[in-house]
Amino acid sequence: HNALLLACERARQWVGATLLLERMRQSGVRRNSESFAIAMRALSRSGKWRRALELFADMPSMGIAYDEKTFAAAMSACQQGNRQTMQWVREKMEDEGRESGRNADNDDELRR
């Protein structure tokens, strides 16, 4: 299923990616952090960064743990967002005990 999600991502088919993710849930197919990261990237690359962040925020309630790929996908979505959204993801990373990857480039991005 992740291969199909990847195909949706590459084709910038965010609707297909989100429908597949939902059908996986309905069918009892195990979704993992990779599934969510791919769907988030498909959304973000299609300009649906807010929806990508909503998906990220919903992961814990679905029993899916954050990992480096999902944090990276969320930060990528934030590049289309604003300072508040990027700060929100950083706080989630810190809550999980992970490095935020803060550096001069990220700080420059926040100032825009």
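This report looks at charged side chains in a predicted model, covering salt bridges and a surface patch.

## Salt bridges

Side chains of opposite charge can pair when their charged atoms come close. In this model, the count of salt bridges comes to five. Three of them, those of Arg41 with Glu9, Arg45 with Glu9 and Arg51 with Glu54, are described here.

## Two arginines on Glu9

Start with Arg41. Its salt bridge partner is Glu9, and the closest N and O atoms are 2.9 Å apart. Arg41 sits in helix 3, which spans residues 33–45, while Glu9 sits in helix 1, residues 2–10. The two are 32 residues apart in sequence, so the pair ties together separate parts of the chain. Is Glu9 buried or exposed? Glu9 is buried, with a relative accessible area of 4%. Arg41 is partly exposed, at 21%.

Glu9 also forms a salt bridge with Arg45. Here the closest N and O atoms are 2.4 Å apart. This pair links distant parts of the chain as well: Arg45 belongs to helix 3 and Glu9 to helix 1, 36 residues apart. Arg45 is partly exposed, with a relative accessibility of 44%.

## A pair within helix 4

Arg51 forms a salt bridge with Glu54. Their closest N and O atoms are 3.7 Å apart. Both residues lie in helix 4, which runs over residues 49–58. They are three residues apart, so about one helical turn separates them.

How accessible are the partners, and what do they count as? Arg51 counts as partly exposed, at 33% relative accessibility. Glu54 counts as partly exposed too, at 43%. Elsewhere, shared partners matter for grouping: salt bridges join Glu9, Arg41 and Arg45 into one network.

## A negative patch

Which residues form the negative surface patch? They are Glu91, Glu94, Asp95 and Glu96. Residues in a patch have no salt bridge and over 30% relative accessible area.

Asp95 is one of the four patch residues. Asp95 lies in helix 6, residues 83–95. With a relative accessible area of 63%, Asp95 is exposed.

## In brief

Glu9 is buried and pairs with Arg41 and with Arg45. Arg51 and Glu54 pair within helix 4.

Definitions and conventions: Residues are numbered from 1 along each chain as its sequence is written. This is a predicted model: local features need pLDDT of at least 70, side-chain atom pairs count only at pLDDT 80 or more; totals for chains, interfaces and linings use all residues. Side-chain values use heavy atoms; hydrogens and water are left out. Patches are made of residues with over 30% relative accessible area and no salt bridge: like charges are joined within 9 Å, nonpolar side chains (Val, Leu, Ile, Met, Phe, Trp, Tyr) within 5 Å. Accessible areas come from the Shrake-Rupley method with a 1.4 Å probe; for residues, only the protein chains shown count as cover. A salt bridge is a side-chain nitrogen of Lys or Arg within 4 Å of a carboxyl oxygen of Asp or Glu. Lys and Arg count as positive and Asp and Glu as negative; His and the chain ends are not counted. The place of a charge is taken as NZ of Lys, CZ of Arg, CG of Asp or CD of Glu. Helices (H or I, at least four residues) and strands (E, at least two) are DSSP runs, numbered from the N terminus. Buried means under 20% relative accessible area, exposed over 50%, partly exposed in between (1.4 Å probe, protein chains only).
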